[in-house]
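Please keep the sequence and the model in view while reading.

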Amino acid sequence: MERAPSSSPPRPPRPPEPDRICGLAAVSAVFARRPRDVLRLFHLPSRRREANPFCSVMAQMRKPYREVGEEELARVAGTVHHGGIVAVTARRKVPQLALPLAPALRAAPVLPVLDGVSNPHNLGAIARSAAFFGCIGMVVSGDPRQAGLSDAAWRTSEGGLEVLSLWSAPALPSALPRLGVMTVAAVARGGVAPENLPPADCVALVLGNEEQGVSERTAAACDARVTLPGSGRVESLNVSVAAAVLIHALSARRS
């Protein structure tokens with residue numbers, strides 16, 4: 001008599017990989033905003049003085065922290081660009097954006113919306129500029145090219161990603177008309193200068209993919225298009241630089 005093949009119980013899903021937050025500014029920001037999410041802390045001897053307050057917090061929470069050498073810290077960080085200190089944290093969730101925007105989000109003059117920005121360094125740099133100029137949050141699209149939260153993005157943001165609330169908009173073109181604020185697509189040509197946009201208390205500024213820009217479907221869903229006038233000697237700015245200039249220009253209009 002043949003035995004029926006035994007069926008083993010399904011394996012539980014693997015927990016998501018933790019985030020690795022590198023650099024003093026980014027680590028300081030995560031300890032300031034969500035210290036309980038920090039799982040482990042590592043630092044070089046040269047960062048002992050700056051790391052001591054964080055080590056005290058880790059000791060109070062009974063979580064591991066350690067002073068390590070350069071080679072081990074690079075292995076923990078996954079990069080040699082670790083800034084001498086690395087916090088391993090629970091992966092931050094990015095919830096779906098609720099529509100229309102909550103009144104608190106409309107308090108800031110600009111809400112950056114990323115439509116397929118694929119380079120994590122650009123994502124981090126945009127978050128850094130957004131936080132510097134007083135933005136409250138940032139939205140990322142469901143475009144398959146869209147960069148997510150990564151070690152490079154955390155490091156480049158210099159704490160900006162911690163300061164901002166983050167949301168996702170999987171179907172961005174259909175979400176834009178329901179935001180309840182003016183929506184403006186940043187385009188390389190054909191848009192109006194920032195100072196010629198209609199007045200608005202809050203602008204959702206849509207920034208596109210590094211090579212192809214804002215998709216035409218997304219741009220068509222926006223209320224207006226904006227273009228930074230340049231010398232014409234080069235075609236356009238890097239998206240993170242354009243974001244900084246536009247966020248500043250749009251924020252200054254309301255101040």
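In what follows, Ala, Val, Leu, Ile, Met, Phe, Trp, Tyr, Cys and Pro count as nonpolar, Asp, Glu, Lys and Arg count as charged, and the others, Gly among them, count as polar. With those classes, the lining of the largest pocket has 14 nonpolar, 10 polar and 6 charged residues. The model is predicted, and the values below are computed from it.

**The largest pocket**

- The volume of the largest pocket is about 790 Å³, and of the 30 residues that line the largest pocket, Val-187, Ala-188, Glu-235, Ser-236 and Leu-237 are the closest to its centre.
- At least two lining residues of the largest pocket are supplied by each of strand E9 (203-208), helix H8 (216-220), strand E10 (224-226) and helix H9 (239-254).
- Helix H9 gives the largest share of that lining, which amounts to 3 residues.

**The chain as a whole**

- The protein chain has 9 helices and 10 strands, and its C-alpha trace spans about 70 × 65 × 40 Å along the principal axes.
- Of the 255 residues in the protein chain, 47% are buried.
- Where contacts in the protein chain link residues at least 6 apart in sequence, 80% of these contacts join residues at least 24 apart.
- The accessible surface of the protein chain comes to about 13,600 Å², and 53% of this surface belongs to carbon and sulfur atoms.

**Cysteines**

- The structure holds 0 disulfides, and the cut-off for such a pair is that the two cysteine sulfur atoms lie within 2.5 Å.
- For Cys-135, the closest cysteine sulfur is that of Cys-202, and because the two sulfurs are 8.7 Å apart, they are too far from each other for a bond.
- Seen from Cys-202, the closest cysteine sulfur is in Cys-135, again at 8.7 Å and too far for a bond.
- Cys-135 counts as buried because its relative accessibility is 6%, and Cys-202, with a relative accessible area of 4%, is buried as well.

- Is Ser-168, with a relative accessible area of 18%, buried or exposed? Ser-168 is buried, because its 18% falls under the 20% relative accessible area that sets the limit for buried residues.
- Ser-168 has its place in strand E7, which covers residues 165-169.
- Leaving aside residues up to four places away in sequence, Ser-168 touches Val-94, Pro-95, Gln-96, Leu-97, Val-139 and Val-140.

Methods
Residues are numbered from 1 along each chain as its sequence is written. This is a predicted model: local features need pLDDT of at least 70, side-chain atom pairs count only at pLDDT 80 or more; totals for chains, interfaces and linings use all residues. Side-chain values use heavy atoms; hydrogens and water are left out. On a 1 Å grid over the protein atoms alone, a cavity is a set of points where a 1.4 Å probe fits but cannot get out, and a pocket is an open set with protein on both sides within 12 Å along at least five of seven lines; lining residues have an atom within 4 Å of a point. Grid points are joined across faces, edges and corners, and a volume is the space filled by probe spheres set on the points. Helices (H or I, at least four residues) and strands (E, at least two) are DSSP runs, numbered from the N terminus. Buried means under 20% relative accessible area, exposed over 50%, partly exposed in between (1.4 Å probe, protein chains only). Contact means heavy atoms within 4.5 Å. Accessible areas come from the Shrake-Rupley method with a 1.4 Å probe; for residues, only the protein chains shown count as cover.
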